[in-house]
Amino acid sequence: MKKTIALALSIVLVLVSLSCFAQAEEGPKFVTIREWLDAKGECGDCMLLLKIKKVLNPVVALAVDETGEVNLFSGANEESSFLEFWSDEDGLFEDYFLVIANPKYNPYEGTIEMAEWKLLRIMKNPVSTPEA
């Protein structure tokens with residue numbers, strides 16, 4: 001009887017620890033542009049760390065990581081994704097890094113558009129040097 005109770009408790013503990021491990025993996029995770037494109041934007045609760053390579057206009061910038069590049073559209077009817085990439089006050093956001101979450105994939109634009117994302121953080125590139 002004691003062995004049966006001990007075995008049942010062991011099984012319950014293993015199942016509880018497995019469910020806790022599975023829940024821990026369900027949180028937000030970092031993905032690359034390539035992974036995001038391969039999944040056609042279906043990355044669940046994901047984040048990307050993107051460098052602004054070139055500001056194309058106030059609401060579109062070319063964003064890159066080590067695996068690719070994509071046009072990052074600001075706004076797109078989502079208030080949390082609005083960022084003016086250039087303004088008279090702040091200048092250009094080139095050489096800045098953005099941490100964004102849950103960008104949407106536009107099947108009509110395919111590999112070039114990332115829109116309706118949530119801005120989590122803006123970071124200045126610490127190794128960039130001002131142009132003379």
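Colleague: Is arginine 34 buried, partly exposed or exposed, and what relative accessibility does arginine 34 have?

Modeller: Good place to start! Keep in mind that this is a predicted model. Arginine 34 has 39% relative accessibility, so it counts as partly exposed.

Colleague: Which residue forms a salt bridge with arginine 34?

Modeller: For a salt bridge, look for a side-chain nitrogen of Lys or Arg within 4 Å of a carboxyl oxygen of Asp or Glu. Here the partner is aspartate 38, and the closest N and O atoms are 3.5 Å apart. Aspartate 38 counts as exposed because its relative accessibility is 57%.

Colleague: Where do aspartate 38 and arginine 34 lie?

Modeller: Both belong to helix 2, which covers residues 33–38. They are four residues apart, about one turn of the helix.

Colleague: How many salt bridges does the structure hold?

Modeller: There are three. Another one joins the side chains of lysine 51 and aspartate 95, at 3.4 Å from N to O. Lysine 51 is in strand 2 (residues 46–57), while aspartate 95 is in the loop between strand 6 and strand 7, so this pair ties together parts that are 44 residues apart in sequence. Lysine 51 is partly exposed at 25% relative accessibility, and aspartate 95 is partly exposed at 28%.

Colleague: Which residue meets glutamate 69 in a salt bridge?

Modeller: That would be lysine 53, with 3.6 Å between N and O. Glutamate 69 sits in strand 4 (residues 68–73) and lysine 53 in strand 2, so the pair links parts 16 residues apart in sequence. Glutamate 69 is partly exposed, with 41% relative accessibility, and lysine 53 is partly exposed, with 48%.

Colleague: Is glutamate 113 buried or exposed?

Modeller: Glutamate 113 is buried, and it has no salt bridge. The nearest side chain of opposite charge is that of lysine 104, 12 Å away. Glutamate 113 lies in strand 9 (residues 113–115). Leaving out residues up to four places away in sequence, glutamate 113 touches Trp36, Val70, Asn71, Phe73, Lys104 and Asn106.

Colleague: Let's turn to the nonpolar residues. Which members of the largest nonpolar core touch the most other members?

Modeller: The general idea is that nonpolar side chains tend to be buried together in soluble globular proteins. In this model the largest nonpolar core has 22 residues, and Leu48, Leu50, Ile52, Leu72, Phe85, Ile100 and Met114 touch the most other members. Helix 2, strand 2, strand 3, strand 4 and strand 7 each supply at least two residues of this core. Strand 2 gives the most, with five residues.

Colleague: Which residues does leucine 50 touch?

Modeller: Not counting residues up to four places away in sequence, leucine 50 touches several residues, including Ile33, Ala63, Leu72, Phe97, Ile100 and Met114.

Conventions:
Residues numbered from 1 in each chain as written. Predicted model: local features only at pLDDT ≥ 70, side-chain atom pairs only at ≥ 80, totals over all residues. Heavy atoms only, no water. Buried < 20%, exposed > 50% of the residue type's maximum accessible area, 1.4 Å probe, protein only. Core = buried A, V, L, I, M, F, W, Y, C linked by side-chain atoms within 4.5 Å. Contact = heavy atoms within 4.5 Å. Lys, Arg positive; Asp, Glu negative; His and termini not counted.
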